[in-house]
Amino acid sequence: NNESSGSGKETLTFGTEATFAPFESMEGDKVVGFDADLLDAVMKEAGLDYEFKNTGWDPMLVGVKDESLAGGAAGITITDERKETYDFSAPYFEAMQTIATTEGTDIQSAEDIKGMKIGVQNGTTGDSAAQQLVGENSTDISKYESSAATMMALQNGDVEVVITDNGVAQHYVKNNPDANLTLIDDKDSFEQEYYGILLPKGSEHKEAIDEAMQTIMENGTYEEIYSEWFEG
Ligand code: ARG
């Protein structure tokens with residue numbers, strides 16, 4: 001629902017999948033997290049009115065594609081495949097896939113999870129990584145609609161491992177000590193990833209958003225937001 005604001009400017013709606021702390025999670029009916037603060041800083045700097053909605057992952061991708069949404073901010077990795085359909089802002093965060101599993105595991109590298117039940121969030125880079133490892137149509141891969149659902153499946157024993165983004169996995173392990181989870185990094189198997197704000201192809205706002213991103217990276221705002229969510 002794009003309502004015009006008091007200033008008469010159009011309100012741009014951004015979508016997300018808000019079970020991805022510390023990047024996005026729900027606090028009451030508000031999306032909070034690194035991405036929420038970053039988007040807020042960027043949009044203010046760009047002078048654009050916006051709202052940030054927990055649409056869910058697939059509806060976000062569909063909405064940005066058909067331009068019912070102005071964009072998405074959800075720890076979204078900039079990939080060549082997505083670039084065929086979407087534009088992205090300048091990159092704002094470095095990430096990599098990691099393997100989450102139960103403490104006491106024998107797993108040492110990605111190779112070792114072949115033959116195991118793997119949980120991923122559907123349509124994410126974790127999903128792609130799993131497919132690359134065990135095959136596109138492998139029945140060992142279970143796909144979930146949200147990031148939270150993958151971690152639930154791991155704790156329930158529905159899957160033996162989850163492939164997901166390192167920042168989110170680290171945050172989850174730290175904040176759920178009773179889950180007895182551990183992480184296995186494998187820099188040889190997983191690629192470096194960079195998050196960007198997802199935009200419709202040819203978005204008229206890309207230039208303003210990129211300029212604003214550069215400004216907040218140079219004027220200390222980015223650093224402030226970073227230390228709020230990743231230190232202390
Ligand atoms: N970085 C990964 C990707 O872009 C996962 C993002 C998932 N984000 C979320 N809010 N659930 O595919």
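Start with Glu-67, where phi is near 65 degrees, a positive value in a residue other than glycine. Before you go on, note that this is a predicted model: local features need pLDDT of at least 70, side-chain atom pairs count only at pLDDT 80 or more, and totals for chains, interfaces and linings use all residues. Residues are numbered from 1 along each chain as its sequence is written.

**Stop 1**

Glu-67 sits in the loop between helix 2 (57-65) and strand 6 (71-72). Helices (H or I, at least four residues) and strands (E, at least two) are DSSP runs, numbered from the N terminus. Glu-67 has 13 other C-beta atoms within 10 Å, so it counts as partly exposed. The cut-offs: buried is 20 or more other C-beta atoms within 10 Å of a residue's own, exposed is 12 or fewer, and partly exposed is in between, with C-beta atoms placed from the backbone.

Now pick Asn-180, in the loop between helix 6 (166-175) and strand 13 (181-184). Asn-180 is not a glycine, yet its phi is positive, about 50 degrees. With 11 other C-beta atoms within 10 Å, Asn-180 is exposed.

**Stop 1: a cis proline**

Select Ala-21 and Pro-22: the peptide bond joining them is cis, with omega about 5 degrees. Pro-22 belongs to the loop between strand 2 (19-20) and strand 3 (24-27).

**Stop 2**

**Stop 4**

Color the open sheet of 5 strands, order 11-10-12-9-13, with mixed pairing. Two strands pair if DSSP finds at least two bridges between them. Strand 11 (141-144) and strand 13 are the edges, each pairing on one side only. From one strand to the next, the twist averages 30 degrees. Angles run from 0 to 180 degrees between N-to-C directions, and axes are lines fitted to C-alpha atoms, for helices over the stretch in contact.

Zoom in on strand 9 (residues 97-102) and strand 12 (residues 161-165), which pair in the antiparallel sense over 5 bridges. There, Gln-97 has Asp-165 in strand 12 as its bridge partner.
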